[in-house]
Amino acid sequence: LEEEQEIWPNDGTYERINAQELQDFITAGELVVAQNTDGEILGCIRIYQYEGLWYYGVLATFPAHRSKGIGSQLVNFAETYVKQQGANHIYIELLQGEGFDMPNKVGMRQWYGQKGYTYVANTTFEAKDPRKLKIMQKPCCFEIMRKPLN
């Protein structure tokens, strides 16, 4: 929420991913969790298929564990897993502001670019999650990036 505070309500009424959505990801077998040897959760990633293509999202590491390579390890896991499923490409949707930049999102776009991801297209937020559109404070879209897995 801190990184997307320009977009979502800041009054405590909104959760980026709520408990039910998280449970749905777990039930579907889509959530991968990174833990240390003590069992402490360090981060997670969701790996899923959408319209026949493989995506990942919900990539997150707890602030105390950032800049330690955990995000890269989770992305590498997703890429390896998807390649093992026979896919030639993997996709990521990066939430972006329409007509304004969020510094963290600019950094994430560059990070994905360094990992070999290239811009494919934009899709409207409404097309992906119309339920949340009515509470957005500013218009957004998803920037779709793709990486070949060869």
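Q: How many salt bridges does a search of the whole structure find?
A: Three. A salt bridge here is a side-chain nitrogen of Lys or Arg within 4 Å of a carboxyl oxygen of Asp or Glu. This is a predicted model, where local features need pLDDT of at least 70, side-chain atom pairs count only at pLDDT 80 or more, and totals for chains, interfaces and linings use all residues. Residues are numbered from 1 along each chain as its sequence is written, and side-chain values use heavy atoms, with hydrogens and water left out.

Q: Which side chain does Glu30 meet in a salt bridge?
A: That of Arg46, at 2.8 Å, N to O. Glu30 sits in the loop between H1 and S1 and Arg46 in strand S2, so the pair ties together parts that are 16 residues apart in sequence. Helices (H or I, at least four residues) and strands (E, at least two) are DSSP runs, numbered from the N terminus.

Q: Glu30 and Arg46: buried or exposed?
A: Both are buried. Buried means under 20% relative accessible area, exposed over 50%, partly exposed in between (1.4 Å probe, protein chains only).

Q: And what does Lys147 pair with?
A: Glu79, at 3.2 Å, N to O. Lys147 is in strand S6 and Glu79 in helix H2 (residues 70-84), 68 residues apart. Lys147 and Glu79 are buried too.

Q: Which residue forms a salt bridge with Arg109?
A: Glu143, with the closest N and O atoms 3.1 Å apart. Arg109 lies in helix H3 and Glu143 in strand S6, so this pair ties together parts 34 residues apart in sequence. Arg109 is partly exposed at 26% relative accessible area, while Glu143 is buried at 10%.

Q: Switching to the sheet. What is the strand order?
A: S1-S2-S3-S4-S6-S5, an open sheet of six strands with mixed pairing. Two strands pair if DSSP finds at least two bridges between them.

Q: Which strands stand at the edges?
A: S1 (31-35) and S5 (118-124). Each has a single partner strand, so one side of each is left without a neighbour in the sheet.

Q: In what sense do S2 and S3 pair?
A: Antiparallel, over seven bridges, with S2 at residues 41-50 and S3 at 53-61. Arg46 comes up again here: its bridge partner in S3 is Gly57.

Q: Last one. What follows H1?
A: Gly29, whose phi is positive, near 75°.
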